[in-house]
Amino acid sequence: MGEHTTVEAIVAEIGAQVKGECQWLRHSRGERLATVEVRLLELVKRLRRLILDAAAQALGTGYAGSTLPCECGATARFVSYRRRTLLTLVGELVLRRAYYWCSRCGTSQVPLDECLGLGGASQSPGIVATTLLVCALHPNAQAMNLLEELGIPHVSVKESQRIVLEAGEEVLGDRDAEARAWSQEHADPTEDVRPRVPQRLAVLMDGTTVHTDGDWHEVKVGTFYPFDEAGGALGEKGCVATFEGVEHFRRLWDTEAQRWHLARAPAVVALCDGSTWTWNTVAEYCPPHTVQLLDFYHAAKHLWKLAHAIWGEGSSRAAEWVETQKTRLLEGQLEEFFAALRRWTELERYRQAAEEQLRYFETNRARLGYAEALARGYPIGSGMVEAACKTIIGLRQKQPGMRWRRRMAEVIAHLRCIYFSDRWSRFRARWIERASRAA
Ligand SMILES: [Zn+2]
């Protein structure tokens, strides 16, 4: 419809279109649902276009007479109407805006833009939030394809990268400000604090590497999840991840710990992969009653490493030996376990491999209390730590041939943490709400 069509005319047209479709349906009884659906989708597309036209008419042009006062004290004159296209979740909104210009200071004014709080963006905050979500879950090109398939308005792949990086900086800024406020002033986390203190809370820490800025860099991942009397996950979880080094990780981790009321949880079990930074973080931030356990999956991986060094990969002797040692660990026969490892250090050929693993287990000796932990119904980490790394980082950031810019990797890792912590809908609401206030 043309630029001078009235809202009333568009509304009449919408009515006519719906009526026409209903008449067709009435006269074509016996149509399959599939056909009806296709036609209705087409109708919805046309109606969306009409609704956007009506909205543009209703918003007007912002014309406020032939002149406007300018900040410089002189007068800005009306020059012309200028078009601006904005992508919204409903579709493209084409606005015709009155444009004023002050010849004294060279400043222009577009009252409608100011009124709508447009700034320089050509997408609505809703489009930005949706772009962040799908790009957190899928590579950008796939993400835009997905929106196309679902019939949701979207930006180009290139634009999606710009949006993620730009909006992502803002999101990371909020994350870091919250962590700073907690670590410096003990200001409680402002967002998404869990409503209850969990009875039993597991905290997991691990690192994994991603190819960023031309090399492999470690991303540290922390997960919190409440568990039941049998050690089973209750379904909720909270995650943090960062490429920005251990100090930064610790601040983020400690902030997430406040969200989970870590200090007040009656039972806490810490499952880590054995690296020093994980245990240091546990020692500093977990309550004294925390049970520390070497993540069982990582322990088994180290046993396999030694078994393969001795018997080679795929050998049944290796499998048998690993099973025996795992059983000893689970049953608390630590003397026998360490004796079995030490035996191999006595043979020159296997000394190096055996000593390496012996050191690993000796360093973590106080964290091998699996038998007692199982008796108390605690999880011992049969894959949860590994799964957390894979879910948050691996599935999105470690696909074959992927190369990341470090900052983009940080943004995506954080957005995935929000999503997998079930915080997305609240995050989205805050994003939109802030954009409306800024306007
Ligand atoms: Zn001026």
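1. Helices (H or I, at least four residues) and strands (E, at least two) are DSSP runs, numbered from the N terminus. With that in hand, look at β6 and β7, which run antiparallel and are joined by 5 bridges.

2. Some housekeeping on what you are looking at. This is a predicted model, where local features need pLDDT of at least 70, side-chain atom pairs count only at pLDDT 80 or more, and totals for chains, interfaces and linings use all residues. Residues are numbered from 1 along each chain as its sequence is written.

3. Here is the overall layout. The domain assignment gives domain 1 (7-59), domain 2 (67-121) and domain 3 (200-392); such bounds come from an automatic or database domain assignment. Between the C-alpha centres of domain 2 and domain 3 there are 59 Å.

4. Now the sheet with β1 to β4. Its 4 strands form an open sheet, ordered β1-β2-β3-β4, with antiparallel pairing. At the edges sit β1 (67-69) and β4 (108-109), each of which pairs on one side only. Strands β2 (residues 75-88) and β3 (residues 91-102) run antiparallel and share 12 bridges. To find your place there, take tyrosine 81, which has alanine 98 in β3 as its bridge partner.

5. A parallel pair here is β5 (residues 200-212) with β8 (residues 267-272), held over 6 bridges. Arginine 200, for instance, has alanine 267 in β8 as its bridge partner.

6. Contact has a set meaning: the C-beta atoms of the two residues, placed from the backbone, lie within 7 Å.

7. Is β7 buried or exposed? A residue is buried if 20 or more other C-beta atoms lie within 10 Å of its own, exposed if 12 or fewer, and partly exposed in between, with C-beta atoms placed from the backbone. In β7, 5 of the 5 residues are buried, so the strand is largely enclosed by the rest of the structure. Gly238, Val240 and Thr242 point one way, Cys239 and Ala241 the other way, and all are buried. In a regular strand the side chains alternate between the two faces of the sheet.

8. Worth a look too is the pairing of helices α9 (residues 296-311) and α12 (residues 348-363), whose axes come within 9 Å and cross at roughly 170°. That makes α9 roughly antiparallel to α12 (angles under 35 degrees count as roughly parallel, over 145 as roughly antiparallel, 65 to 115 as roughly perpendicular and the rest as oblique). On the α9 side the residues include His302 and Leu306, and on the α12 side they include Tyr350 and Gln357. The contact residues divide into 7 nonpolar, 2 polar and 1 charged. Ala, Val, Leu, Ile, Met, Phe, Trp, Tyr, Cys and Pro count as nonpolar, Asp, Glu, Lys and Arg as charged, and the others, Gly among them, as polar.

9. Isoleucine 380, in the loop between α13 (370-375) and α14 (384-397), is buried, with 24 other C-beta atoms within 10 Å. Leaving aside neighbours within four places in sequence, isoleucine 380 is in contact with Leu293, Phe296, Tyr370, Ala373 and Leu374. Glycine 245, in helix α7, counts as exposed, with 12 C-beta neighbours inside 10 Å.

10. In the loop between α6 (157-185) and β5 you will find histidine 186, which has a positive phi of about 50° although it is not a glycine. Histidine 186 counts as exposed, with 8 C-beta neighbours inside 10 Å. Aspartate 192 is placed in the loop between α6 and β5, and its phi is positive, near 60°. Aspartate 192 counts as partly exposed, with 16 C-beta neighbours inside 10 Å.

How values were computed. Axes fitted to C-alpha atoms, helices over the stretch in contact; angles between N-to-C directions. Pairing = 2+ DSSP bridges.
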